[in-house]
Number of protein chains: 6
Amino acid sequence: MAIHIRVVTPITTQGFRISADAAPLESEGVKVDFVNIDTGPASIECDYEIILAQPGTVARIVEAERHGADAVVIDCMGDPGLFGARECVAIPVLGPMQTAMGVAAMMGHKFSVVTVLSRILPMIATQAAVYGLSGKLASARSVNIPVLELEKDLAATKRALIAEARKAVIEDGADYIIFGCTGMLGCADAVHEGLLKDGLNVPVIDPVPTAVNVAAALVRSRLAHSKQTYQQPPRKTVVGYTNIGIGVESRAAAE
Amino acid sequence: MAIHIRVVTPITTQGFRISADAAPLESEGVKVDFVNIDTGPASIECDYEIILAQPGTVARIVEAERHGADAVVIDCMGDPGLFGARECVAIPVLGPMQTAMGVAAMMGHKFSVVTVLSRILPMIATQAAVYGLSGKLASARSVNIPVLELEKDLAATKRALIAEARKAVIEDGADYIIFGCTGMLGCADAVHEGLLKDGLNVPVIDPVPTAVNVAAALVRSRLAHSKQTYQQPPRKTVVGYTNIGIGVESRAAAE
Amino acid sequence: MAIHIRVVTPITTQGFRISADAAPLESEGVKVDFVNIDTGPASIECDYEIILAQPGTVARIVEAERHGADAVVIDCMGDPGLFGARECVAIPVLGPMQTAMGVAAMMGHKFSVVTVLSRILPMIATQAAVYGLSGKLASARSVNIPVLELEKDLAATKRALIAEARKAVIEDGADYIIFGCTGMLGCADAVHEGLLKDGLNVPVIDPVPTAVNVAAALVRSRLAHSKQTYQQPPRKTVVGYTNIGIGVESRAAAE
Amino acid sequence: MAIHIRVVTPITTQGFRISADAAPLESEGVKVDFVNIDTGPASIECDYEIILAQPGTVARIVEAERHGADAVVIDCMGDPGLFGARECVAIPVLGPMQTAMGVAAMMGHKFSVVTVLSRILPMIATQAAVYGLSGKLASARSVNIPVLELEKDLAATKRALIAEARKAVIEDGADYIIFGCTGMLGCADAVHEGLLKDGLNVPVIDPVPTAVNVAAALVRSRLAHSKQTYQQPPRKTVVGYTNIGIGVESRAAAE
Amino acid sequence: MAIHIRVVTPITTQGFRISADAAPLESEGVKVDFVNIDTGPASIECDYEIILAQPGTVARIVEAERHGADAVVIDCMGDPGLFGARECVAIPVLGPMQTAMGVAAMMGHKFSVVTVLSRILPMIATQAAVYGLSGKLASARSVNIPVLELEKDLAATKRALIAEARKAVIEDGADYIIFGCTGMLGCADAVHEGLLKDGLNVPVIDPVPTAVNVAAALVRSRLAHSKQTYQQPPRKTVVGYTNIGIGVESRAAAE
Amino acid sequence: MAIHIRVVTPITTQGFRISADAAPLESEGVKVDFVNIDTGPASIECDYEIILAQPGTVARIVEAERHGADAVVIDCMGDPGLFGARECVAIPVLGPMQTAMGVAAMMGHKFSVVTVLSRILPMIATQAAVYGLSGKLASARSVNIPVLELEKDLAATKRALIAEARKAVIEDGADYIIFGCTGMLGCADAVHEGLLKDGLNVPVIDPVPTAVNVAAALVRSRLAHSKQTYQQPPRKTVVGYTNIGIGVESRAAAE
C-alpha cells in the first residue's frame with residue numbers, strides 16, 4: 001500500500017495550491033494530497049501571522065493522522081505549529097525549513113536562505129538557532145516581493161532569486177541555497193541554472209518536494225519525531241477552539 | 001503620572017489571579033493590573049497549549065496598548081505570543097522567562113530553571129537558545145507537580161523546589177535559580193532561605209515581579225523592543241479571529 | 001527505472017555483509033547492492049584504521065558512479081572517505097553517521113550515540129563538531145564489544161545496547177538514539193522495545209537503512225552534495241595507488 | 001525611603017561628572033549620586049588603564065555599601081572592577097556594558113556597540129564572550145574620537161555616532177545600538193532620531209541611565225549578584241593599598 | 001646569546017619563589033629568573049586579589065623589557081595583568097593558564113583544570129571563554145586547599161590532586177589535566193603516575209615550566225602577541241601610581 | 001643530547017624539500033631532519049589528496065619513532081594523518097595548522113589563514129571546528145596559486161600574500177596571519193613587513209618553523225598528545241599495506 005503524505009498549507013487563500021500541485025511531489029509508492037486551513041491569515045509574512053495560523057494547522061495535522069496519513073509536511077517555511085503538532089500525533093510531522101536546513105547541512109558546508117521580505121530575516125536566524133544549526137547558516141537574504149505577488153511576474157521573481165543567491169555564494173560563502181518561502185515552489189531548476197551560468201555549481205533546495213521525499217524516507221525507516229520530547233498534551237479544558245478536539249475538552253468562548 | 005504595567009495571564013482559568021495579586025507588584029510610581037484571556041487553555045504545560053493561548057494573548061496586549069498601558073508583562077514562563085505581540089505594539093512587551101534569564105545571566109555565572117513537569121525541560125533549553133543564552137544555562141529541572149496543583153500543598157511545593165534548586169547548585173553548578181512557572185509566584189523567599197540553610201547563598205528569581213520591575217526600568221529608560229526587527233504586521237485578510245483586529249481585516253470563518 | 005543505491009562496506013573481512021543483507025534495505029523503486037574493499041583493515045575501530053580504509057573506499061565510490069549507481073552509502077559510522085569521495089563524484093555520497101545525526105537533530109531534541117568501544121567516544125564528538133551539530137549531541141556511550149564480536153552473542157549485545165541507551169535517556173537527556181557502529185544492523189527494533197518497557201518512547205536509528213532511504217529521497221529531490229565545496233580533484237601524479245585512477249595520473253611506487 | 005544608587009566614575013579627571021548630572025538619572029523613589037576615584041587614569045581607553053582604575057573603583061564601591069547605598073553602577077563601559085567589587089559587597093553592582101548588552105539582547109535580535117577608538121573593538125568582543133552574549137553581538141564600531149574630546153564638538157560627535165550606527169544596522173544587521181563609552185551620555189535621543197530619518201527604527205541605549213534604572217529594578221526585586229559565585233575575599237595581608245581595607249589587612253609598601 | 005625569560009610572581013609573599021626555582025626551568029640556550037611584586041596581595045585566590053596584583057605586575061613586566069628580557073611568564077593561573085601588560089611591551093607576555101589551555105587543546109580532546117578552592121571554578125570557565133576554548137574545557141575541579149597551604153602537607157596535596165584528576169578523567173571525560181595554581185609547581189610527575197596506576201594515561205601540565213618552554217619557542221619563532229590588538233596605551237595623566245611609568249605621566253595622589 | 005625533530009613531508013615530489021631546509025629550523029639543542037613519502041600525491045590541494053597521503057605519512061611517523069626521533073612535525077597545513085599517527089606513536093606529533101592556530105589564538109584576538117586555492121577554504125573552517133577554535137577564526141582567504149607554482153614567481157606570491165593578509169586585517173578583523181600552505185615557507189618576514197608599511201603591526205606565522213619550535217618546547221616539558229584519547233590501534237589484519245606494520249598484521253592485497 002502506498003505511503004500517504006498529507007501537505008498542510010497553513011493559509012486561507014483559496015487557490016494558492018491546486019490539486020495539480022500534488023502529482024509532481026509523488027514518487028513510486030508515495031501518494032500526496034494537499035489541504036489548507038479554514039481559520040487564519042491569507043499568507044504568512046511575520047510572527048503574528050504564524051500565531052494566527054497555528055491552531056488551524058495543528059487541527060489539520062491531527063485530522064491527517066485520523067485520516068490515515070503516514071506523515072505530514074507543513075507548507076510554510078515558518079514551520080508553523082511544528083512542535084505543538086508533534087505533541088498531538090505519532091506520525092512524523094516535518095517543517096520544510098527544518099528539513100531543508102538539515103539536508104543542506106548534510107550535503108554542503110554552509111547554506112543561505114533566500115526569502116520574500118527583509119522583515120523575516122531575523123526569524124530565519126532564530127529558526128537556525130532552534131534547530132541547532134546556527135553554525136551552518138551563511139546568511140539570510142530577501143528579494144523583497146510579498147508571498148502573494150511571487151507569481152505575478154515569475155520571470156522577475158526568478159531573476160531576483162538568482163541575484164540574491166549569487167551574492168549569498170560569492171559574498172557570504174554559501175554553497176547551498178534554500179528557498180525561504182514555499183510560494184517559490186518550482187523555481188529551483190531555474191535558479192540552479194542561473195548560478196551555473198556564473199560557474200557556481202550550487203544546489204538549490206525546493207523545500208516542499210524535498211520535505212515530502214524525506215518524510216517518505218522516514219516512514220520507510222519507521223522513524224518519527226521523539227515522543228519522549230513531544231509528549232501528548234494533557235487532557236484539559238480549552239475555551240473557544242471548539243473545532244480542535246485533540247487531548248482537550250473544548251468549550252466555546254460564549255459558553 | 002504613574003507608569004502603568006499590564007500583566008496578561010494567558011490562560012482561561014478563573015481566579016488563577018485575583019486583584020489582590022497586583023499590589024505586591026507595585027512600587028513608587030508604578031501601577032499594575034491583571035487581565036486574563038477569554039479563549040485558550042485552562043493552563044499551559046506544553047507547546048500545543050502555547051499555540052492555543054497565543055492569539056488571545058496578543059489580542060490582550062494590543063488592547064493594553066489601546067488602554068494606555070506603558071508596558072506589558074506576559075504571565076507565563078513559556079512567554080506565549082512574545083515576538084508576535086511585539087510586532088503589533090510599540091510599548092515594551094516582556095516575557096518573564098526571557099527577562100529572568102537575562103537578569104540571571106547578568107548577576108550570576110550560570111542559572112538553572114526549576115519548573116513543573118519534566119516534559120517542559122526541552123522547551124526551556126530551546127528558549128535559552130532563542131534568547132541567545134544557551135551558554136549560561138546550567139540545567140533545567142522539574143518538581144513534577146502540574147501548574148494547577150502547585151497551591152494544593154504549598155509546603156510540599158516549596159520543599160520540592162528547594163530540593164531541586166539544591167541539586168541544581170551542587171550537581172549542575174548553578175548560582176542563580178529561576179522559577180519555571182509563574183504559578184510559583186511568592187515562593188522565592190522560602191526557596192532562597194531553604195538554600196541558605198545548606199550554606200548556598202543563591203538568589204532565586206520570582207519571574208513576574210522581576211519582569212514588572214524591569215518593564216518599569218525600560219519605560220523610564222524610554223526603551224522598548226526594536227521595531228526594526230518586530231515590524232508591524234502587514235494589513236491582510238484573516239479568517240476566523242473576528243475578536244482580534246490589529247493590522248488585519250478580519251473575517252469570521254463562517255463568512 | 002529503479003534508483004540504484006550502492007552500499008560500500010569499507011573493510012576487508014569477507015562475509016561481514018552477505019547478498020541477503022541488501023533486500024531489507026530496498027523499497028518501491030529502489031534497488032540496493034553491497035561491495036566491500038580489497039585493501040584496508042579487517043574492521044574499523046580507530047582513526048588509524050579509517051586512514052587505511054579510505055583510499056580503497058573512494059576507489060569503490062568512483063567505481064559505483066561509473067557503474068551507474070545513483071547514490072552511495074558508506075557502511076561505517078566513521079564515515080571514512082566521505083568528503084574526499086564527494087570531491088571525486090557527482091552522485092550523492094552519504095555517511096551513515098552524518099545522516100543519522102542529521103535525522104536525529106530534525107526529529108528530536110538531543111541524541112546520543114551508542115558505539116562499540118570507549119576509545120571511539122572522542123571521535124564521535126569530533127564528528128558532531130565537523131557536521132555542525134555539537135549542540136545536539138547529548139552524549140556518546142559504548143558497550144565495550146569489538147565490531148567483529150557484536151554478533152557472537154547477539155542477545156548480550158542487545159542487552160548492553162539497551163542498558164547504555166537507557167542511561168543516555170535518563171542521565172544525559174537524550175531523546176533519540178543512534179547506533180555508533182553499522183555492525184549493529186538489525187538491532188534497532190529490539191532496543192526501541194527495550195526502552196519502551198521502561199516507559200521511554202525513544203526512536204532508535206539503524207543508520208544504514210536510514211541512510212539508504214535518505215539517499216533515495218535526495219535522488220528523487222535531484223539533490224547531491226555541493227560541488228561548490230567538493231570540487232573535482234586536480235589532475236596530478238600519484239605514486240603507488242595504481243588501482244585508483246580518478247582525476248590523477250597514477251604511478252606504481254616502484255616505477 | 002528612597003532607593004539610593006551610587007554611580008562610581010572610575011577616572012580622576014575633575015569635572016567629567018558634575019552634580020547636575022545626577023538629577024536626570026533619578027526617578028520616583030530613586031536618588032542618585034556620583035563619586036569619582038582618587039587614584040587612577042584621567043580616562044579609560046585600553047586594558048592597561050582599566051587595570052589602573054580598578055583598585056580605586058573597588059574601594060569606592062565598598063565605601064558606597066558602607067554609606068548605605070542600595071546599589072552601585074560603574075560609570076565606564078569597560079566595567080572596571082565589576083567582578084572583584086561583587087566579591088567585596090552584597091549590594092548589586094552593575095556594569096553599564098553588561099547591563100546594556102543584557103537589555104539589548106532581551107529587546108532586540110542583535111546589537112552593535114559604537115565606541116570611541118578602534119583599539120577598543122577587540123575588548124568589546126571579549127566582554128560579549130565573558131557575559132555569554134557573543135551570539136547577539138552584530139558588530140563593534142568606533143567613531144575614532146578620544147573620550148576626553150567627545151564633548152569638544154558635540155555636533156560632530158553625534159554625526160559620527162549616527163553614521164556608524166547606520167552602518168551597524170544596514171551592513172552588520174544590528175537592530176539595537178549601545179554606546180561604547182559613558183562619555184556619550186545624553187546623545188541617545190539625537191542618534192535615535194538620526195536613524196529614524198533613514199527609516200531605521202532602532203533603539204539606542206544610553207548605558208548609565210539604563211543601568212541606574214535596572215539597578216533600581218533589581219533592588220525592588222530584592223535581587224543582587226550571586227554570592228555563591230562572588231564570594232567574599234579571604235582576609236589576607238595586602239601590601240601597598242592602605243586606602244583599601246575590605247577583607248584584608250593592608251600594609252603600606254614602605255612598611 | 002641565551003634567551004632570557006623573566007618569570008613575574010604577582011604576589012608579595014617573600015620566599016614563595018627562591019632562586020633555586022629557576023634552574024629546573026632552564027634549558028639549552030634559555031636562562032630564567034624570577035621577580036615578585038612589591039605591592040599587592042600575599043596570594044591570589046579571587047578576582048579582587050587579581051585586581052590588587054595587576055598594577056604591580058604590569059610594572060614588573062615593563063621593567064623586564066627594559067632589563068632586556070626576551071619574554072615574560074606571569075606566575076599565577078589567574079593570568080593577572082596579561083592583556084594590559086601586552087599593551088605596554090613588545091616582548092611576548094604569556095599567562096600560564098592561557099598557555100596550558102592552548103597546549104592541552106592542541107594535544108588532547110578535552111582538558112580539566114584542578115585548582116585550589118571551589119570559589120575559583122567560575123573564574124576558570126570565564127578564562128576558557130575569553131581564550132576561545134570553552135568547547136575544550138571538560139570541567140574545573142578543586143582540592144579545597146588554600147594556595148599558601150599547598151606545601152604544608154605535600155603528600156596530602158598530591159593525593160587530593162590525583163583524586164580530583166581521576167574524577168575529571170572518568171566522570172567528566174578529560175584526557176589532559178592542567179594544574180589550576182602555580183603553587184602546585186613540581187607535582188605533575190606524581191599526579192601523572194598516580195593516574196597511570198589506574199590505567200589512565202593522561203598528561204599533566206605543570207603550567208609555569210610549560211609556559212617558559214613555549215615562551216622560548218615563540219622567541220625562536222620571532223613571534224609575540226599582536227600589537228594590532230594590544231596597542232601601546234596613550235600618554236595620559238595617572239594619579240597615584242608614581243612607581244609605574246609606562247606611557248603615562250604619573251602623579252602622586254597627594255600631589 | 002640534542003632533541004631530534006623529524007619533519008615528514010607528505011608528498012612524493014622530489015626536491016620540494018632539500019637538506020639545506022633543515023638548518024634554519026634548528027636551534028640550540030635541537031636537530032631537525034626531513035623525510036618525504038614514497039606513495040601518495042605530488043602535492044596536496046584537496047581532501048582526496050589528503051586521503052592518498054595519509055597511509056604513507058603515518059608509516060613515516062612510526063618509522064621516525066623507531067629511529068629515535070623525539071617529536072614529529074607534519075609538513076602540510078592539511079595536517080594529514082595527525083590523529084591516526086598519534087594513535088600509533090607515543091612521541092608528540094604536531095600538525096602545523098593546529099599548532100599555528102593554537103599559537104595565534106594565544107597571542108592574538110582573531111586570526112586569518114591565507115592559503116593557495118579557494119577550494120581549500122571550507123576545509124580550513126572545518127579544521128578550526130575540529131581544533132575547537134571556530135570562534136577565533138576571522139576568515140580564510142586564498143591567493144589562487146597552486147602549491148607547486150608558489151616558487152615560480154616568488155615576488156608575485158609575496159605580493160599576493162600581502163594583499164590578502166591586508167584584507168584579512170582590515171575587512172575581516174584579523175590581528176594574526178597564518179600561512180595556509182607549508183610551501184610558503186620563508187615568506188613570513190616579507191609579508192610582515194608588507195603589512196607594517198600600511199601601519200598594520202600584525203604577526204605572520206610561518207607554520208613549519210613555529211611547529212618545530214613548539215614541538216621542542218613540548219619535549220622539554222615532557223608532554224605529548226594524550227594516549228587516553230589517541231590509544232594504540234588494536235592488532236588486526238590489514239590487506240594491502242605491506243609497507244606499514246604498526247599494530248597490525250599486514251597482508252598484501254594479492255595474497
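**Exercises on strands, helices and chain contacts**

A:Ile5 stands opposite A:Ala71 in strand E4 of chain A. The model is predicted: local features need pLDDT of at least 70, side-chain atom pairs count only at pLDDT 80 or more, and totals for chains, interfaces and linings use all residues. Residues are numbered from 1 along each chain as its sequence is written, while chains are lettered from A and ligands numbered from 1 in written order.

**Exercise 1.** Find the order of the strands in the open sheet of chain A, and name its edge strands.

Step 1. The open sheet of chain A has four strands in the order E2-E1-E4-E5, and their pairing is parallel. (Strands, E, of at least two residues and helices, H or I, of at least four are DSSP runs numbered from the N terminus; strands pair if DSSP finds at least two bridges between them.)

Step 2. Strand E2 (30-36) and strand E5 (93-94) of chain A each pair on one side only, as edge strands.

Step 3. Within the sheet, E1 (residues 3-9) and E4 (residues 71-74) of chain A pair in the parallel sense over four bridges.

Step 4. Helix H1 (residues 47-66) of chain A lies across E1, E2, E4 and E5 of chain A, and runs at about 165° to E1(A). (Axes are fitted to C-alpha atoms, for helices over the stretch in contact; angles run from 0 to 180 degrees between N-to-C directions.)

**Exercise 2.** State how many residues of chain A are in contact with chain C, and how the two copies are related.

Step 1. In this contact, 40 residues of chain A meet 40 residues of chain C. (Contact: C-beta atoms, placed from the backbone, within 7 Å.)

Step 2. On the chain A side, helix H3 (96-107) and helix H7 (207-220) each supply at least two residues.

Step 3. The chain A residues of this side comprise 18 nonpolar, 17 polar and five charged. (Ala, Val, Leu, Ile, Met, Phe, Trp, Tyr, Cys and Pro are nonpolar; Asp, Glu, Lys and Arg charged; the others, Gly among them, polar.)

Step 4. Chain A superposes on chain C by a rotation of 180° with 0.0 Å of shift along its axis, at an RMSD of 0.0 Å.

Step 5. The same surface serves both copies, since 100% of the contact residues of chain A recur in chain C.

**Exercise 3.** Work out how helix H3 of chain B and helix H3 of chain D are arranged.

Step 1. The axes of the two helices (residues 96-107 in each chain) come within 10 Å and cross at roughly 160°.

Step 2. H3(B) and H3(D) are therefore roughly antiparallel. (Under 35 degrees is roughly parallel, over 145 roughly antiparallel, 65 to 115 roughly perpendicular, the rest oblique.)

Step 3. Among the contributing residues are B:Gly102 and B:Met106 of H3(B), and D:Gly102 and D:Met106 of H3(D).

Step 4. This contact has four nonpolar, six polar and no charged residues.

How values were computed: Least-squares fit on C-alpha atoms with pLDDT ≥ 70 in both.
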